[in-house]
Amino acid sequence: MRRTFFCLMILAGLLHPIGAAQADGITFNALSASYQFAEQITFTADVSGSSPITRATVFFQSGSQPPYSHPADPFTPATSLVATSALTLTATIDLKETKLIPFSTVSYWWEVIDQAGGTARSETKTLIYVDNRFAWQELAAGPVRVHWYQGDSGFGSAAVSTASEILPKIQQQIGVEPPSPLDVYVYASTDDLRSAVELAGREWLGGQARPELGVVLVAIPPDDSARLQMRRDIPHELTHLMTFVATTPNYDATPRWLDEGLATMNEGDPNSTQALAVQDAAAKNKLIPLENLCGTFPTDASAALLAYGESRSVVQQIINEYGSAGVQALLAAYRDGATCEGGVERALNTSLTGLEVKWRAQLQPSTSNPATPTTSSPSTGILPWLLLIAVIVLPLIVILLWRSPQKRDKMTR
């Protein structure tokens, strides 16, 4: 009910943003907002009118969150307003208590009541709530905008190129339009990225940035391995973001094996360690059942490595058999709220178990480790020697057997 009320208030304000203020003789000027990321945000506005203001409230909304309201900092109504001057309203909000969605658009407006009982609402202003702890540089190409704070222009250019080149492939595969603009923030360390997510009240998911933030967040130091890491991490996180777009409002219902499988498969270079882990587990019959990968992945490092490798392998199997249409059908099913099992049944016309059986079967021809030399068994190792002995000895036996009757004939004579 409260959310409905606020929505009606917002709609009314958008339709008549300053009409009420003018009708009541109240005028707003110089609305502004400034903030320290994850610390505090301060809203200000100048207001004037024919009667002193007695009450003032700022309303603000971060992304899809319901609006918050906060009273103005204390002021003195009786002497604060004269005909030739304006009252400056200020409201300071502690962002340790009231969390804003990082990198979201924050909308805000003021509502005031004067001594004569008149009310007015200001126009709506916006700001982009970015992580302003750092001095970001920016470079754009098409819909992609890359932001970074360490490294030269070549570093930023490489990041833009990586994102721009892989985006059409992901778009064709997943079947949705990317956000425009599509912002990529490149942090110089994992600690900086983790702090941004956690300070904003978001859980850090084992190195995965949160796609619901609507931006791509990666941690890539500007060192000699930066280009290689860009080709891996930027496509990976772009895929998560596009998967989120395709499955909203039920992104959380998307199986982890599908989400991570798509992201891992789009990395620039195949992860040979993951592939070898899958081959080894298949050979030992120790693969993780697919139903166990619908939710959270294992926290153990070796098990997590296998989980990512299996996810990539399963998704590759789906694309090989069903093409991008199969992937898009799966995402549509999970967007509509299907279960892990139900999405596979609806999109691929098979059970989760049936999908797994087919996937395991295609692993069989390559279950031996190609990077490890094969040790010959005793029987295999001795076979060439047996053949050599047979080639040498067999003719001798034939000659002996042929000469033996001749010697017997001579002795008889």
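Reader: Which residues form one aromatic cluster?
Author: Phe103, Phe134, Trp136, Tyr149, Tyr185 and Tyr187 do. Rings of Phe, Tyr and Trp (its six-membered ring) pair if their centres lie within 6.5 Å. This is a predicted model, where local features need pLDDT of at least 70, side-chain atom pairs count only at pLDDT 80 or more, and totals for chains, interfaces and linings use all residues. Residues are numbered from 1 along each chain as its sequence is written, and side-chain values use heavy atoms, with hydrogens and water left out.

Reader: How many aromatic pairs does the structure hold?
Author: There are 16. One of them joins phenylalanine 103 and tyrosine 185, at 4.5 Å centre to centre with 45° between the planes. That pair is tilted. Planes under 30 degrees apart count as stacked, over 60 as edge-to-face and the rest as tilted.

Reader: What does the pair tie together?
Author: Parts that are 82 residues apart in sequence, because phenylalanine 103 lies in the loop between strand S5 (87-94) and strand S6 (105-114), while tyrosine 185 is in strand S11. Helices (H or I, at least four residues) and strands (E, at least two) are DSSP runs, numbered from the N terminus.

Reader: Are phenylalanine 103 and tyrosine 185 buried or exposed?
Author: Both are buried. Buried means under 20% relative accessible area, exposed over 50%, and partly exposed in between (1.4 Å probe, protein chains only).

Reader: And phenylalanine 244 with tyrosine 251, which kind of aromatic pair is that?
Author: Edge-to-face, with 5.4 Å centre to centre and 70° between the planes. Tyrosine 251 counts as buried because its relative accessibility is 10%.

Reader: New topic. Where is alanine 246 found?
Author: In helix H5. Alanine 246 has a relative accessible area of 7%, so it is buried.

Reader: What is alanine 246 in contact with, leaving aside its neighbours within four places in sequence?
Author: Ile174, Val176, Leu331 and Arg335. Contact means heavy atoms within 4.5 Å. Glutamine 328 is 82 residues from alanine 246 in sequence, yet their C-alpha atoms are 8.4 Å apart in space.

Reader: Which residues of helix H4 are buried?
Author: Leu193, Ser195, Ala196 and Val197, within a helix that spans residues 190-199. The buried residues of H4 pack against strand S11 (182-187) and strand S12 (216-219). After H4 comes glycine 201, with a positive phi near 85°.

Reader: How is a pocket told from a cavity?
Author: On a 1 Å grid over the protein atoms alone, a cavity is a set of points where a 1.4 Å probe fits but cannot get out. A pocket is an open set with protein on both sides within 12 Å along at least five of seven lines, and lining residues have an atom within 4 Å of a point. Points are joined across faces, edges and corners, and a volume is the space filled by probe spheres set on them.

Reader: How many cavities of 30 Å³ or more does the structure hold?
Author: One. Its lining includes Trp148, Tyr149, Val186 and Tyr187.

Reader: And the chain overall, how many helices and strands?
Author: The protein chain has 11 helices and 12 strands. Of its 413 residues, 43% are buried.
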